[in-house]
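Have the model open in a viewer and follow the stops below in order. Each stop says what to select and what is found there.

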Amino acid sequence: MSSRKRVFDLLRTINIASCQCPAHGYRGNVQVSNITPSKDYAFEIKCSTVRYGLGVTQEVGMDLVNLGAKNVCVMTDPNVVSLSPMKAVLDSLVRNGISYSVYDKVRVEPTDTSLKHAIDFAKRGGFDSYVAVGGGSVMDTCKAANLYACNPDADFLDYVNQPVGKGKTTMEPLKPVIAIPTTSGTGSETTGMSIFDYEEIKAKTGIAHSALRPLLALIDPLHTLSVPQTVANFAGFDIFCHALESFTAIPYTERGPAPSNPALRPVYQGSNPISDVWARFCLQDIEARSSMHLAATMAGVGIGNAGVHLCHGLAYPIAGNVKDYVPKDYG
Ligand SMILES: NC(=O)c1ccc[n+]([C@@H]2O[C@H](COP(=O)([O-])OP(=O)(O)OC[C@H]3O[C@@H](n4cnc5c(N)ncnc54)[C@H](O)[C@@H]3O)[C@@H](O)[C@H]2O)c1
Ligand SMILES: [Fe+2]
């Protein structure tokens, strides 16, 4: 029995050590008990409501009326603000008599500094709902702004993933976010992740909490028409990696121990039969731009529940060191 216990102790140590990837190894503040640990035996699938259709952005104003929104923050970046997706959103808001303020200072590839700028705006605005119009950079910034505006006394690192931050799991309820992706890549419209460069350590990290998940994602293939070639290529590769990595992620039954409370089950739980379906779909269907747009969301549900591993883990310390490289077509 004692050797069996030593094996379990070793596995437990490896399990904890292998979860140090700051963005994808999130475990929250799970209290590991001292009894012999077991692997997890359950997984759950969480996803934003997804509405897909050509021109579906025109419905956003009605969605906000349905939510009873009185003071909406529309977030975007300095480039997308003057493009047709933003025009479609604002037209719908005006048509439905929604009061809104626009924040168009989102940094492409957000940093902790740029997030804090957006958080200040959100805190001052006292918004009751958010619309994020843009790529992953915009959606992730919007999630963070909502989180800290609803938890104004929190220190920035409180919710950042361990070991960079404290990975706090308790928070005040957040305001609804409607995400309108304009790139076909991150799937951020369905995930509880917000990724940013933490400048102090020159690496990407993130905040992971299911409360960050947008309430509704409007997937409008019309927005893909203006996406520059390089952005489309790189974003397509992001989808491919999400699908491939979530499909090959450690099975949920091999991760553990099971949390002492289901609320503490991590955002990324390992591959499972349901996330596999989403991942498989994307691996087969990434050719046409409009299919890509849906494929991004599908891979988002895969990654948002199963997680990613080596490709993303390797990319984060590299991305955090980029100072001068601006790929063609990126603002
Ligand atoms: N939260 C998550 O689950 C998740 C998952 C993967 C990646 N990410 C993060 O998302 C970020 C990258 O997001 P992204 O790849 O969507 O790109 P992005 O938001 O950084 O935008 C890239 C460029 O494309 C432009 N652009 C966006 N939509 C456009 C359109 N319709 N027409 C013309 N130009 C357009 C932007 O202005 C910008 O210059 C990274 O920070 C990455 O780490 C987050
Ligand atoms: Fe990614």
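Select H242 and H312: both are buried in this predicted model. The iron ion has D238 (OD), H242 (NE2) and H312 (NE2) as its protein donors, at 2.1 to 2.3 Å. Along the sequence these donor residues follow the spacing D-x3-H-x69-H. Colour the helices next: H242 sits in helix α6 and H312 in helix α9 (residues 310–319), so this pair ties together parts that are 70 residues apart in sequence.

Now move to ligand 1 and display the shell of residues around it. The shell holds 29 residues, of which S137, T182, T183, T191 and K204 come nearest. Sorted by type, the shell has ten nonpolar, 13 polar and six charged residues.

Which elements each supply at least two residues of this shell? Select α5 (136–150), β6 (193–198) and α6 (229–248) to see them. α5 gives the largest share, four residues.

Next, look at the nitrogen atoms of ligand 1. T182 places a polar side-chain atom 2.7 Å from a nitrogen atom of the ligand. For S188, a polar side-chain atom lies 3.3 Å from a nitrogen atom of ligand 1.

How much of ligand 1 does the protein bury? Taken alone, ligand 1 exposes 870 Å², and the protein buries 95% of that.

Note on methods: Residues are numbered from 1 along each chain as its sequence is written. Chains are lettered from A and ligands numbered from 1 in the order in which they are written. This is a predicted model: local features need pLDDT of at least 70, side-chain atom pairs count only at pLDDT 80 or more; totals for chains, interfaces and linings use all residues. Side-chain values use heavy atoms; hydrogens and water are left out. A residue is near a molecule or strand if one of its heavy atoms lies within 4 Å of it. A polar contact is a pair of N or O atoms within 3.5 Å; within protein, one must be able to donate a hydrogen and the other to accept it, and residues adjacent in sequence count only if both atoms are side-chain atoms. Accessible areas come from the Shrake-Rupley method with a 1.4 Å probe; for residues, only the protein chains shown count as cover. Ala, Val, Leu, Ile, Met, Phe, Trp, Tyr, Cys and Pro count as nonpolar, Asp, Glu, Lys and Arg as charged, and the others, Gly among them, as polar. Donors are N, O and S atoms within 2.8 Å of the metal (3.2 Å for Na, K and Ca); water is not among the atoms, so sites may look incomplete. Buried means under 20% relative accessible area, exposed over 50%, partly exposed in between (1.4 Å probe, protein chains only).
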